[in-house]
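This report describes selected features of one protein model. Please examine the sequence and the structure shown below before reading on.

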Amino acid sequence: MATLVAPAIVRKKSVKGGAHDAHGHHELGFVQKYIFSQDHKRIGIQFMFSSLFFLLVGGGLAMIVRLELGWPGHAFKFLSFLPTTMVAGGVILPEFYNSAFTMHATFMIFFAVMPFLMGTFANFLIPLHIGAPDMAFPKINMLSFWFALTAGIIMFSSFLVKGGAAGGGWTNYPPLSDLSELSGVNVGQNLWIISLLISGVASLMGAVNYITTVVNMRCPGMSFFRMPLAIWAIFVTAILLLLAIPVLTAALVLLLFDRTVHTSFFIPASILVAGQPLVGRSGGGQVLLWQHLFWFFGHPEVYIMILPAMGIASDILATFARKPIFGYKAMVFSICGIAVLGFFVWGHHMFQSGMNPLLGTTFMISTMLIAVPSAIKTFNWLGTLYGGNFKFTTAFLFAVGFVAMFVIGGLSGIFMASTPVDIFIHDTYFIVGHIHYVLFGGSIFAIFAGLYYWFPKMFGRMMNETLGKIHFWLVFLTFNGVFFPMHILGIGGMMRRIYDYTQYPHLSHFQGLNAFMSVCAFILGASTLLFLFNLFWSMFKGKPAGQNPWHANTLEWTLPSPPVHGNFSETPHVFRGPYEYSVPGHTEDFWPQNEPPEGWLERAQQMKAAATHG
């Protein structure tokens with residue numbers, strides 16, 4: 001059945017100086033079209049390639065960490081090509097190990113997961129989903145990508161300076177991150193700070209653009225409660241970015257001042273270095289100030305990385321279950337509830353800091369409360385799947401995997417919400433396992449789902465489903481092989497960020513389990529190479545996708561694959577929500593948002609004719 005694009009009665013007014021018109025644009029040269037592009041689709045694809053690169057960098061650093069944890073102190077001759085400041089005789093040095101796990105998390109969080117969700121998918125999907133020709137501010141959109149890429153390059157370059165990259169963990173708590181005398185890292189730590197400051201500017205530019213576009217540029221009929229959940233999630237996440245990033249920025253500036261002009265925002269008066277009082281500092285600062293500022297940003301940051309993933313998974317589950325989303329408005333309100341509550345739980349990262357037990361109890365209660373909207377979403381996903389007519393595509397498998405892994409991560413999070421339990425498991429591998437179930441099993445599973453789902457619209461070709469399913473099962477099995485045993489290690493007392501645990505008698509028996517986890521990690525890393533082969537091979541040799549290969553309802557599937565510059569030849573008119581699947585009495589099991597109800601087209605033409613003659 002052909003999908004009709006109804007003639008628009010009203011065109012939504014765009015922001016002054018904003019989006020490209022769909023018509024009348026001149027042909028762009030190579031540089032303007034592919035490098036300094038202002039087309040939201042091209043910028044989204046640029047974010048995809050840069051995020052993939054930093055995903056590989058972060059993954060490579062994880063392999064180094066797993067080598068050391070699997071076989072502590074072993075000489076790996078194939079690493080001898082690395083500088084002697086990193087590896088000596090094939091043995092990974094403790095200082096480089098510290099930098100490896102610090103930069104692994106930094107690259108994965110700030111330069112892979114965040115740009116994938118709030119760069120690739122936000123840019124590519126928002127105008128297509130809401131019927132807009134482009135973003136509200138195309139030039140700012142272009143700048144946001146180049147700021148983000150510049151930040152990533154600066155972070156990567158910190159490995160090349162004297163002293164190496166930052167090594168204080170991705171949270172970089174002072175005084176370790178504040179005093180080079182303690183960490184041995186000077187320029188590399190400064191570059192870490194400068195990089196995140198620039199990355200924050202890129203995030204703020206993107207957030208302003210996304211919010212303005214969603215509020216001002218929705219097409220006729222596209223009310224807020226007709227938007228796909230992916231757009232709702234990105235919209236709410238953009239608000240989180242606007243509120244959280246400035247707090248991190250302020251903390252980073254104070255830390256940079258401490259390091260460069262010798263202020264003492266985070267340096268206490270009584271601190272000793274090598275048993276001697278610190279010379280040249282007045283002191284009087286508070287190390288816990290950094291923790292409060294960082295985690296006030298850091299816990300909303302967790303939801304910045306998971307909310308868009310929830311929206312992406314919701315759209316994919318509905319499409320391939322051939323059912324409407326169960327409880328659409330409850331899903332929207334739970335997204336908003338998670339966002340609000342996310343600003344009231346940061347203290348659960350600091351239960352061990354000596355806070356007043358009454359204050360700790362309030363954070364414990366608020367952390368448990370945030371499980372309620374998360375549970376609503378989980379049960380609604382199960383309700384969506386119940387009785388569905390499943391299409392077992394690779395995208396669907398990754399979306400279902402996302403739900404399963406997120407549930408495991410959420411359940412382990414309940415343990416840490418309880419202050420008495422957290423006293424025991426704080427800073428152990430239980431925490432590492434939890435965060436990876438949420439951010440790898442959650443965010444990256446959803447990223448893979450989104451790439452397999454929207455790849456046909458991005459490039460006009462289908463990815464190979466056989467290779468995709470092999471990729472899914474490799475990721476699913478080896479991911480659990482790596483990260484589920486971490487809960488066992490944590491309960492057994494194994495500390496996170498430890499270089500050689502075998503020096504402790506009560507941990508030495510974990511070497512066999514760690515070796516098994518490392519082997520799983522290497523297979524997991526190799527599966528990414530299979531994905532990359534599928535991705536690049538399909539760009540050129542994949543089966544032509546057609547306009548709507550998934551028989552989906554949202555507006556992007558009414559356009560050619562890939563969409564042209566300006567997206568829509570005519571402004572679409574939306575008549576229904578995005579999840580009208582298997583509607584009784586309808587001839588197809590999908591009902592596009594812009595397909596007019598019976599008789600509407602004739603009435604619209606009559607009204608247009610009457611207005612012309614009037």
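## Cavities, helices and salt bridges

The second largest cavity is lined by His129, Asp315, Thr319, Tyr453, Trp454, Ala552, Thr554, Glu556, Pro578, Tyr579 and Tyr581. The model is predicted: local features need pLDDT of at least 70 and side-chain atom pairs count only at pLDDT 80 or more, while totals for chains, interfaces and linings use all residues. Residues are numbered from 1 along each chain as its sequence is written, and side-chain values use heavy atoms, with hydrogens and water left out.

Some terms are needed here. A cavity is a set of points, on a 1 Å grid over the protein atoms alone, where a 1.4 Å probe fits but cannot get out; lining residues have an atom within 4 Å of a point. Grid points are joined across faces, edges and corners, and a volume is the space filled by probe spheres set on the points. Helices are DSSP runs (H or I, at least four residues), numbered from the N terminus.

The second largest cavity has a volume of about 50 Å³. H8 and H14 are the elements that give two or more residues to the lining of this cavity. Its lining residues divide into six nonpolar, three polar and two charged. In this division, Ala, Val, Leu, Ile, Met, Phe, Trp, Tyr, Cys and Pro count as nonpolar, Asp, Glu, Lys and Arg as charged, and the others, Gly among them, as polar.

How many cavities of 30 Å³ or more does the count give? The count comes to five. The largest cavity has a volume of about 220 Å³. Of the 19 residues that line the largest cavity, Phe47, Pro115, Ala148, Ala202 and Ser203 are the closest to its centre. Two or more lining residues each come from helix H2 (40-70), helix H3 (94-130), helix H4 (138-157) and helix H6 (187-216). The lining of the largest cavity comprises 13 nonpolar, six polar and no charged residues.

Tyr453, one of the lining residues of the second largest cavity, also marks a kink of about 45° in H14, shortly before the proline Pro456. The bend at a residue is the angle between axes fitted to the seven residues ending there and the seven starting there. Of the 31 residues of H14, 30 are buried, so this helix is largely enclosed by the rest of the structure. Buried means under 20% relative accessible area, exposed over 50%, and partly exposed in between (1.4 Å probe, protein chains only). Just after H14, Gly460 takes a positive phi of about 75°.

Side chains of opposite charge can pair when their charged atoms come close. A salt bridge is a side-chain nitrogen of Lys or Arg within 4 Å of a carboxyl oxygen of Asp or Glu. The structure holds three salt bridges, as tabulated here.

| Salt bridge | Distance, N to O |
|---|---|
| Lys41 and Asp39 | 3.1 Å |
| Arg496 and Asp427 | 3.6 Å |
| Asp589 and Arg322 | 3.0 Å |

Asp589 lies in the loop between helix H16 (511-541) and helix H17 (600-613), and Arg322 in the loop between helix H8 (287-321) and helix H9 (328-341), so the pair ties together parts that are 267 residues apart in sequence. Asp589 is partly exposed at 26% relative accessible area, whereas Arg322 is buried at 4%. Lys41 is buried at 6% relative accessibility, and Asp39 is buried at 11%.

Key:
1 Å grid on protein atoms, 1.4 Å probe; cavity = no way out; pocket = protein on both sides within 12 Å on 5 of 7 lines; lining within 4 Å.
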